[in-house]
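Please look at the backbone of the chain shown here, and in particular at places where a peptide bond or a phi angle calls for a second look. The report that follows goes through such places one after another.

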Amino acid sequence: MIYEFSARAHTLLSSSLLSIRTQTRRSSMISLAEELPAEELFPLSLLAEAASTVISADAGALQYGDPAGYGPLREWLAGDWLKEKGVNVVEGGVLLTTGSQQAIDLLSRVYIDPGDRVLVENPTSPGFLQTLRMQGAVIIPVQGDLDGLDPEHLRSQIELHKPKMLFATPSFTNPSGILWSLERRRAVLDLCIAYNILIVEDDSYGDLHFQKQGEHKAKRYPSLYALENISDGGHVLYIGSFSKTVAPALRTGWAAGSRVLIRMMSAAKQMADWQSSALNQRLLHHLLDVSAFDLREHIAQLNREYNTRLKLMVELLKRPAWKGSSYDLPSGGMFLWVAPPEGMDVMALLKCALGKGVAFLPGPLCSVDGVSNHLRLNFSHPGRDELLLGMNLMSEAVKEFTARS
């Protein structure tokens with residue numbers, strides 16, 4: 001039989017991102033490409049205890065649950081955890097999702113029609129670009145600098161394209177790792193309110209926050225959601241995930257915002273998968289609210305280790321092979337966004353690197369127009385020894401590519 005897929009489905013099959021992820025699953029491959037946390041820092045013993053307790057205590061843990069998510073976990077999330085971030089959510093204003101990616105997908109299904117204009121930071125998350133393309137959106141890039149999106153360019157793009165939505169990651173933008181200044185946050189929020197544009201604020205990396213050398217403490221700014229301070233009927237949908245801070249396999253993310261948005265996304269979720277895993281959500285709730293696990297201390301441990309790994313990666317980029325490359329040191333997140341030596345084609349470099357057993361994410365996958373001569377390097381997943389080996393292999397690939405050129 002000849003299968004006639006939709007025109008948009010072919011964007012999935014031709015995805016270079018899918019090909020890279022498939023190759024990095026090989027056990028011999030060192031991946032600097034994916035947005036993975038450190039496996040050796042997972043709270044394994046406490047997770048095992050939580051799983052045993054939850055399953056033995058109530059068979060309902062294995063039953064269908066509320067499509068909006070496990071009630072006690074939603075209450076925990078909307079309680080001290082989000083309130084500590086200045087995020088106040090009304091009852092019915094939280095939806096638990098299968099990771100933050102599903103939150104983006106569900107909103108796109110109910111909010112974006114083919115041809116709708118959507119603004120994005122450029123570069124931005126390759127997963128979000130895939131989702132928007134699948135929905136048939138017209139993706140409009142907005143320029144920025146180390147302080148965040150440029151308000152004047154944002155205004156001009158709004159007036160020119162009349163967009164419906166802005167997707168942004170103000171705290172450690174994927175892939176560039178930029179932390180927006182408070183002034184830029186306010187300016188972007190004010191513009192979107194004035195032009196009635198919905199902001200999707202992804203804060204999946206916001207807790208991975210490092211203290212830079214010479215700083216008394218890490219800089220922290222309120223989210224756009226907290227700055228607007230409207231818990232119902234506002235212009236910001238606030239999304240996040242436990243994948244980067246606890247464990248990805250629990251597949252638990254969230255969306256917080258207006259009840260109207262959450263209600264529509266919940267309806268779409270029932271069509272997609274009815275609910276995310278009730279067992280995983282109960283397990284996570286037990287870990288966070290009942291067990292001896294301290295999420296704040298765990299995140300502090302992650303940040304100390306990730307900061308060490310970032311510094312190691314930066315030291316390795318000082319080797320002769322990388323002469324002429326450039327980057328801006330992030331103060332958080334999972335990535336270093338590197339411009340390689342002049343004249344180097346990152347897609348060709350990727351082929352060379354894969355042949356040596358190391359992978360990175362090429363910049364074109366993070367770009368609206370597919371044009372970017374950067375590479376995204378993940379420093380959170382590889383252990384220190386593996387990171388050293390991976391960067392050695394990357395240096396070999398750079399030298400070999402330069403010699404060929």
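In which loop is Arg251 found? In this predicted model, Arg251 belongs to the loop between strand 9 (236-241) and strand 10 (253-256). Its phi is near 45°, which is a positive value in a residue other than glycine. Arg251 has a relative accessible area of 34%, and because buried means under 20% and exposed means over 50%, a residue in between is called partly exposed; Arg251 is therefore partly exposed.

Trp274 also deserves attention, as this residue has a positive phi of about 65° although it is not a glycine. Trp274 sits in the loop between helix 10 (259-272) and helix 11 (278-289), and with a relative accessibility of 37% it counts as partly exposed.

The next topic is the peptide bond itself. The bond that leads from Asn122 to Pro123 is cis, with omega near 10°, and Pro123 lies in the loop that runs between strand 3 (117-121) and helix 6 (126-134). Asn174 and Pro175 are likewise joined by a cis peptide bond, for which omega is about 15°, while Pro175 has its place in the loop between strand 7 (165-168) and helix 8 (182-194).

The table below sets out the backbone angles again.

| Site | Backbone angle |
|---|---|
| Asn122 to Pro123 | omega near 10° |
| Asn174 and Pro175 | omega about 15° |
| Arg251 | phi near 45° |
| Trp274 | phi about 65° |

Technical notes. Residues numbered from 1 in each chain as written. Predicted model: local features only at pLDDT ≥ 70, side-chain atom pairs only at ≥ 80, totals over all residues. Heavy atoms only, no water. Helix = DSSP H or I, 4+ residues; strand = E, 2+ residues; numbered from the N terminus. Buried < 20%, exposed > 50% of the residue type's maximum accessible area, 1.4 Å probe, protein only.
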